[in-house]
Amino acid sequence: MEYLTNEKLVIIGAAGMIGSNMAQTALMMRLTPNICLYDPYAPGLEGVAEELYHCAFEGANITYTSDIAEALTGADYIVNSGGAARKAGMTREDLLKGNAQIAEQFGKDVRRYCPDVKHIVVIFNPADITGLITLLYSGLKPGQVSTLAALDSTRLQDQLVKYFKVPAARIENCRTYGGHGEQMAVFASTTTVDGRKLTEIIGTEELPESEWNEMKQRVIQGGKHIIDLRGRSSFQSPAYLSIEMIAAAMGGKPFRWPVGTYVHNDKFDHVMMAMETTVDRNGVHVQPVKGTPAEEAELEKSYHHLCALRDEVISLGVLPPIAEWHTLNPNIK
């Protein structure tokens, strides 16, 4: 069996549940035989590597190290889940300061050890902020760094599947945009159910407005619900979706969901946020987002929430003022 590429993929945080699942998923999807696992927790990392060796993936060249320089040197692609995990009672934003500092160091390590890396997916929370910090300190182009935002859209699809009791394949183009957090913008205007526009169903006996509003809250609280059920944050779904993202960046099949990406236009500026995109070997390409006036107002609100988080990171000294970003990374305008 052939692999999609022979280029080096680095999984950061590989001793954790997300990271170990990412490594196995990448090998099962035959993305590349050359996978390097990195984690500062050496015993757990070795255990993951041993498990993967025992899978006996054909042609695989799995290496592991707790030396970040060794891991990143020669990296073509990186998926980073190496931040602190979200625990019961915490929001994604509660992780802000500690994970912001981790992202800063990661960006500096990328600049030092693998400045020619082709694409990075950042998934540790709050991903909109940690991805932005990584981008700035790495010196990479905006399209080379993306964040996991698809989970909110897949959770919307799941809620609609449960409500309408139809297969997921019959519910198309579920979309949430903006922040990956409690301030996300849940869109209905993009979605169809059995070819019917969801906006034409909401407000009828089939889907009363009150039920739709409750459904949106379940989407927003989807991560909290997993923690309540399992006693820990999600790991299977972020692992799979993040590897689908890096697969698209490697030249694989198109990624079907929104992606967290750097945005700099006449409406949204100097933030990383979930947008409609395409992802290919040339990076992330932002597409226009169009919704109802109410949806676009929600997206605007989400954007301002992200701006507030960004400004908080600036006040903490993790990021310089926006006017100095171009000095830190000449690719940022």
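Analyst: Gladly! Keep in mind that this is a predicted model. Let's begin with a strand pair: Asp280 stands opposite Gly283 in β15.

User: Which strands pair there, and over how many bridges?

Analyst: The partners are β14, residues 277-280, and β15, residues 283-286, and they pair in the antiparallel sense over four bridges.

User: How many residues lie between β12 and β13 in their hairpin?

Analyst: Four residues separate β12 and β13 in that hairpin. Strand β12 covers residues 259-264 and strand β13 covers residues 269-275, with six bridges in an antiparallel pairing.

User: How many residues of β12 are buried?

Analyst: Five of the six residues of β12 are buried, so the strand is mostly covered, taking buried as under 20% relative accessible area.

User: Now a sheet, please. In what order do the strands of the open sheet with β7 run?

Analyst: The order is β7-β10-β11, three strands with antiparallel pairing. To read the edges, look for strands that pair on one side only: here those are β7 (171-172) and β11 (196-197). β7 pairs with β10, residues 192-193, over two bridges in the antiparallel sense. Within that pairing, Glu172 is placed opposite Thr192 in β10.

User: Let's move to helices. What describes two packed helices?

Analyst: The general idea is that two packed helices are described by the angle between their axes and the distance between the axes. Take α5 (residues 127-138) and α11 (residues 293-315): they pack at an angle of about 50°, and their axes are 10 Å apart. The two helices, α5 and α11, are therefore oblique to each other. Their crossing is right-handed.

User: Which residues of α5 and α11 meet?

Analyst: From α5 come Asp128, Ile129, Leu132 and Ile133, which meet Leu306, Leu309, Arg310 and Val313 of α11. Sorted by class, this contact of α5 with α11 holds six nonpolar residues, two charged ones and no polar ones.

User: At what angle do α6 and α10 cross?

Analyst: α6 (residues 150-164) and α10 (residues 236-249) cross at roughly 115°, and their axes come within 10 Å. The crossing of α6 with α10 is right-handed. On the α6 side, Ala150, Leu151 and Thr154 meet Ser237, Pro238 and Leu241 of α10. That contact of α6 with α10 divides into four nonpolar and two polar residues, with no charged ones.

User: I'd like to zoom in on one residue of α11. Is Ser302 buried or exposed?

Analyst: Ser302 has a relative accessible area of 1%, so it is buried. This residue lies in helix α11. To see what surrounds Ser302, leave out residues up to four places away in sequence: it then touches Tyr177, Gly178, Gly179, Gln183, Met184 and Ala185.

User: How many residues apart in sequence are Ser302 and Met184?

Analyst: Ser302 and Met184 are 118 residues apart in sequence, yet their C-alpha atoms are 5.7 Å apart in space.

User: Where is His270, and is it buried or exposed?

Analyst: His270 is in strand β13. Its relative accessible area is 13%, so His270 is buried. The phi of His270 is near 60°, again a positive value in a residue other than glycine.

Note on methods: Residues are numbered from 1 along each chain as its sequence is written. This is a predicted model: local features need pLDDT of at least 70, side-chain atom pairs count only at pLDDT 80 or more; totals for chains, interfaces and linings use all residues. Side-chain values use heavy atoms; hydrogens and water are left out. Two strands pair if DSSP finds at least two bridges between them. Axes are lines fitted to C-alpha atoms, for helices over the stretch in contact, and angles run from 0 to 180 degrees between N-to-C directions. Angles under 35 degrees count as roughly parallel, over 145 as roughly antiparallel, 65 to 115 as roughly perpendicular and the rest as oblique. A crossing is left-handed if the near helix is turned anticlockwise from the far one by less than a right angle, and right-handed if clockwise. Contact means heavy atoms within 4.5 Å. Ala, Val, Leu, Ile, Met, Phe, Trp, Tyr, Cys and Pro count as nonpolar, Asp, Glu, Lys and Arg as charged, and the others, Gly among them, as polar. Buried means under 20% relative accessible area, exposed over 50%, partly exposed in between (1.4 Å probe, protein chains only).
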